[in-house]
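Subject: Structure for you to look at

Hello,

Here is the structure I said I would pass on. Please open it first, then read the notes below it.

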Amino acid sequence: MRVHFPWVVALLLSGCQAIPPEHQSTSETNGDPTTSQTGTPATIQSPAQPVAKSVKKPRKQTPQEQTDLWKRIGMQFKLQVPNTKSVQYYRTWYLTHPKHLQIVAERAKPFLYLITQKIEDRGLPLELALLPVVESAFDAFAYSHGSAAGLWQFVPATGKMYGLQQNFWYDGRRDVDAATDAALSYLTVLGKRFDENWFQAIAAYNSGGGRVSRAIRQNRRLNKPTDFFSLDLPEETSGYVPKLLALADIVAHQEKYGVELPLIPNKPVLQLVDPDEQLDLAIAAKYAGMSVKELQSYNPAYNRWATAPNGPHQLLIPVGHVAEFKKSLAAHAGQGLKLVRYKVKAGDSLSVIAKQHRTTTQVIEKANNLSGSTIRVGQYLMIPNSVKDAKAYALTAKNRLRRLQSMARGQYKILHTVASGESLWTIARKNNVPYRSLAKWNGMSPLDTLSIGQKLVIWKDSSEGAIIRTVNYRVRDGDTISAIAAKFKVKSKDIIQWNNLANQKYLQPHQKLKLYVDVTKVSI
């Protein structure tokens, strides 16, 4: 049934005429909001309540957008840091040794972005970017007591297992790019082995997967918990994971702990370039417009003055120098080595020639397309040789060892030539010095084997029947090495060795020599 109410309809129609259009301009009312279009006063209404505007919150920057690489890393930490005594201990140690953190941060600057990017690409915990701090204090040349080398401290066998070559020319364990790939591959394997229990996986990186697995099995037999902190592991490993966790906690909460790590810009520092040919490092440095020492500092894997003859040839170059390097490389293709033309003499062999030119027989064979080691008198060979003298390549293995051996560790120094059947232990016992110290003085691990003819430095504070003193001698006109040796009752070969004179034919007046003299035999 429909009911009609005419008066209601009339009221509604009159009301509609009083409501202005939704988008009516104020100009139509001559700027007076109290006047209607007809000029009659309009009904004054109470001011409308202000409409609440939605305020956009500033977009939070992603880790990749941070300006500081430490923040990029810290924002992505996932491992929970338990407040155990061991974590507290290492956190306190780091906080009370701020200089250590500063040194580590400075060393990390060239490499940390590269490492971070590789970890992100694999989807691994970003805490792993801090492992080189724990392993090597970010020293790319580090060599430990257990024969481990490089930022990631690979021992020889594990390095080879993950494709890191180790030979006369090149040690892949110190190749930052290659060793990072190898370390992350190894950690990925360990992560899967321990079902993504990263405390256990990281512990296994330190002491081996087998040891951690045995500790887990033992706890299960004894009905004990199998979390990392409950496992019976070596002392070093028990501190290894807490040390990493304490460091991660500090990096992620620098303001909380009052720490300010040196800023590392969140952008690439180095770029990997493969010249596809062997390069003298001095020539490569010239191509890149930088010093040899700086180039070597980014590429510590190369033991000698050049990249490896048969590869790898890859180099990490600062991004700002890559274009210059590639341009020079293209303009001088195939000219990365200096070749010396050598005429074979009677008594020569490839090994003799190689030693004379500080290279290997394999390099000579390759440079001359030889199928074997047979050579004949009068034959000409092209010998790859360095364009600069040995001192110019400051960070070669030989120069680093020489610098290490020259660091005074006692009152006097003895040079020992390794004979057949000798070991670090027998030499140390004979000279009454700790064998671990003997290894350290010579850049070795106590487990390393010796080769016949190898030169070792022994530092002592006293000697039976001898009092050795360091004498700084200034060369005079007419002096010869043999005359100086006779005067101080030492051997000529020792003077040559003490002062790196092997490549120097003549002494120069006023040249300074260091001698180790027994003052019971010579009056000084």
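How many helices and how many strands does the protein chain have? There are 22 helices and 8 strands. Please keep in mind that this is a predicted model, so every value below is computed from that model.

**The chain as a whole**

The protein chain has 524 residues, and 44% of them count as buried. Its accessible surface comes to about 30,200 Å², with 53% of that belonging to carbon and sulfur atoms. I also looked at contacts in the chain between residues with a separation of 6 or more: 66% of these are made by residues 24 or more positions apart.

Rolling a probe the size of a water molecule over the atoms shows where empty space is left. The second largest pocket has a volume of about 920 Å³. Its lining consists of 34 residues, and those closest to the centre of the pocket are E135, Q153, N206, E236 and Y240.

Which helix supplies the largest share of this lining? That is α11, with 5 residues. At least two lining residues come from each of α3 (85–95), α6 (131–136), α7 (156–161), α9 (198–207) and α11 (235–252). Sorted by class, the lining of the second largest pocket has 18 nonpolar, 12 polar and 4 charged residues.

**Aromatic pairs**

A pair of aromatic rings is described by the distance of the centres and the angle of the planes. The search of the whole structure finds 13 aromatic pairs. One of them is formed by Y186 and Y205, whose rings are 5.4 Å apart centre to centre, with 45° between the planes, and this pair counts as tilted. Y186 is in helix α8 (residues 176–193) and Y205 is in helix α9, so the pair ties together parts that are 19 residues apart in sequence.

Are these two residues buried or exposed? Y186 is buried, with a relative accessible area of 14%, and Y205 is buried too, at 8%. Ring pairs also bring in Y162, which is linked with Y186 and Y205 into a cluster.

**One glutamate**

E120 lies in helix α5, which covers residues 112–122. Why does E120 count as buried? The cut-off for buried is under 20% relative accessible area, and E120 counts as buried because its relative accessibility is 18%. Leaving aside residues up to four places away in sequence, E120 touches Q64, R72, Q76 and L126.

Regards

Notes. Residues numbered from 1 in each chain as written. Predicted model: local features only at pLDDT ≥ 70, side-chain atom pairs only at ≥ 80, totals over all residues. Heavy atoms only, no water. Helix = DSSP H or I, 4+ residues; strand = E, 2+ residues; numbered from the N terminus. Buried < 20%, exposed > 50% of the residue type's maximum accessible area, 1.4 Å probe, protein only. Contact = heavy atoms within 4.5 Å. Areas by Shrake-Rupley, 256 points an atom, 1.4 Å probe, with all protein chains shown as cover. 1 Å grid on protein atoms, 1.4 Å probe; cavity = no way out; pocket = protein on both sides within 12 Å on 5 of 7 lines; lining within 4 Å. Points joined across faces, edges and corners; volume = space filled by probe spheres on them. Nonpolar A, V, L, I, M, F, W, Y, C, P; charged D, E, K, R; others polar. Phe/Tyr/Trp six-rings, centres within 6.5 Å; stacked < 30°, edge-to-face > 60°.
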